Amino acid sequence: MAGPLPIADPAPADGLLPASATTDAASRAFGVYLHVPFCRVRCGYCDFNTYTSGELRGARQEDFADQAAAEVRFARRVLDSSGAPDRPVSTVFFGGGTPTLLPAADLVRMLGVVRDAFGVADGAEVTTEANPDSVDADDLRRLADGGFTRVSFGMQSAVPHVLAALDRTHDPERIPLVVGWAREAGLDVSLDLIYGTPGESADDWRTSLESVLAERPDHVSAYALIVEDGTKLARRIRRGELPAVDDDLAADMYELADDLLGRAGYEWYEVSNWATDASHRSRHNLGYWRGDDWWGVGPGAHSHVGGVRWWNAKHPAAYAERLASGISPAVGRETLDHATRETERVLLATRIREGIEVSSLHTGGRHAVAGLIADGLVDARTALAGKLTLTRRGRLLADAVVRRLLETVIE
C-alpha cells in the first residue's frame, strides 16, 4: 500500500470550499476521477493506494459502486453550497487499482451517477484503465454501450521476463485480443508501457515498442520506472536479487521510443505521452497538467478546485465509514499559496508540447531562457516567438529545466 498522506490541515466535515476556490471556476474545465482501489495481485513496483482481497479488512468490492455514488452526490452538494458555477463534466477517468475488476455494470452505474449529478458535456472523454487479463469482449462492449469512449490498457511490456520482474500476470499474447475487442466496441485505445525495468535490455524495449506499433493504438504512454521506497521491487534490488535501474540505459530507451513512435506518425504532447493526433490526446490528464479543476472520488483520491487541494481517507473501510456517517471522506486539505501555485504551473506546463508563455515567467525565469536555448534544452524558434517548448534533450532533462526557470521565482 502507499505511504502516509501529506501533512496538511484537517479537511472540514462539510467539505465546503472557500470563496476564492470558485470565483473563476467557470473559466476552467471540470473533470471527475474515480479511484477503484482493488487489485487481484500487487505489482512489485507499485506504491499506489490499492488493496488485494486480503487487505480490505471490513470493506467489500461489491459495495464500492454505491459508496462512490454517494461521494459524487456529496460533491455536487458541496460545489453548489460553495458557489461553484454549474459546469458539465468534460472528462471522466476510472483509475486504480484495476477498475475493471468490478463488473462493467458497476462502472456504467457510477458513470450514470456522474451524469445525473453534473451532466456530461457533449463529446466528453470517458476512460477506464484495464489490465489485459481483466476484461473480455462482452465487458468492453458493455462499457462502450454505457458511455465510455476510451480504454487504457496496462501493457507495460511485451517481454515475459520483464513482466515477471514487474509482477505483472498477463500473457503478452493477449494484447492483440483486447485491442481488437476494444476496437470492435468502438473504443479508443491507449497502451501504457514502463521502461527501465531491472534486467530489461534495449532489445527487450524495442520488442515492446514494435509490439505496440503493430496494434496501432490511438495513444501510447511510456513511463520510466521509478523504484519507490517500501515496494517489493525496492527490497529485491536492495537484496541484490535484481540489478539497480540504469539511468543511462533508460535515457537511451526514451530516445528509442521517441524515434520509433515519431516515425510511425505519433506526436509527443507530454514528456511521456504520444498520440496519433491532437484529438487522441488524454484530455483528462491534460486537465491536470493545465491546472484545471477535478474531483477525485474514492479511497485516497486527491481533488483540486481553484487552488484548494484535498485527499480522502486511504483505506476503503475508513472511506466508507465517513460516507455512511454523512461527512466528507476527505481527511486533509491545503490551500496553495501564490509561490506554490506558480511553481506547479511552471513544472506542469513545461512538460507539455504547447509549452509555457515566456512572458508569464518570473523575471529570473525569462533571463534563464537564453541559457536553455544555448544548452539545447528548449526550442530556439518557438522561444524567440514567445513560447517555451522542450527539445528532446530538454524532455530528458525536464526537471533541470524547471529548476532553472524557478531559481528566482520565489521572492
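Modeller: By contact I mean heavy atoms within 4.5 Å. Leaving aside neighbours within four places in sequence, F153 is in contact with A130, V135, L140, V178, V179, A182, V189, S190, L191 and D192. One caution: this is a predicted model, where local features need pLDDT of at least 70, side-chain atom pairs count only at pLDDT 80 or more, and totals for chains, interfaces and linings use all residues. Numbering runs from 1 along each chain as its sequence is written, and side-chain values use heavy atoms, with hydrogens and water left out.

Colleague: OK. Which residues of α6 are buried?

Modeller: In α6, residues 175-185, they are I175, V178, V179 and A182. Buried means under 20% relative accessible area, exposed over 50%, and partly exposed in between (1.4 Å probe, protein chains only). Helices (H or I, at least four residues) and strands (E, at least two) are DSSP runs, numbered from the N terminus.

Colleague: Why do they line one face of the helix?

Modeller: Seen down the axis of α6, the buried residues fall within an arc of 100°, so they line one face. The arc is that of the directions from the helix axis to the C-beta atoms.

Colleague: And what do they pack against?

Modeller: The buried residues of α6 pack against α4 (137-145), β4 (150-156), β5 (188-195) and α7 (202-215).

Colleague: Switching to α7. At what angle do α7 and α9 pack?

Modeller: About 25°, with the axes of α7 and α9 (residues 247-263) 10 Å apart. Axes are lines fitted to C-alpha atoms, for helices over the stretch in contact, and angles run from 0 to 180 degrees between N-to-C directions. α7 and α9 are therefore roughly parallel to each other; that label covers angles under 35 degrees, with over 145 roughly antiparallel, 65 to 115 roughly perpendicular and the rest oblique.

Colleague: Which residues meet there?

Modeller: On the α7 side, A202, W205, R206, L209 and L213; on the α9 side, L249, M253, L256, A257, L260 and L261.

Colleague: Now the backbone. Where is the cis peptide bond?

Modeller: From G96 to G97, with omega near 15°. G97 is found in the loop between β2 (89-96) and α3 (104-118).

Colleague: What about phi of Q156?

Modeller: Phi of Q156 is near 65°, a positive value in a residue other than glycine. Q156 is in strand β4.

Colleague: Is Q156 buried or exposed?

Modeller: Buried, with a relative accessible area of 9%. R57 also has a positive phi, about 40°, although it is not a glycine, but R57 is exposed at 58% relative accessible area.
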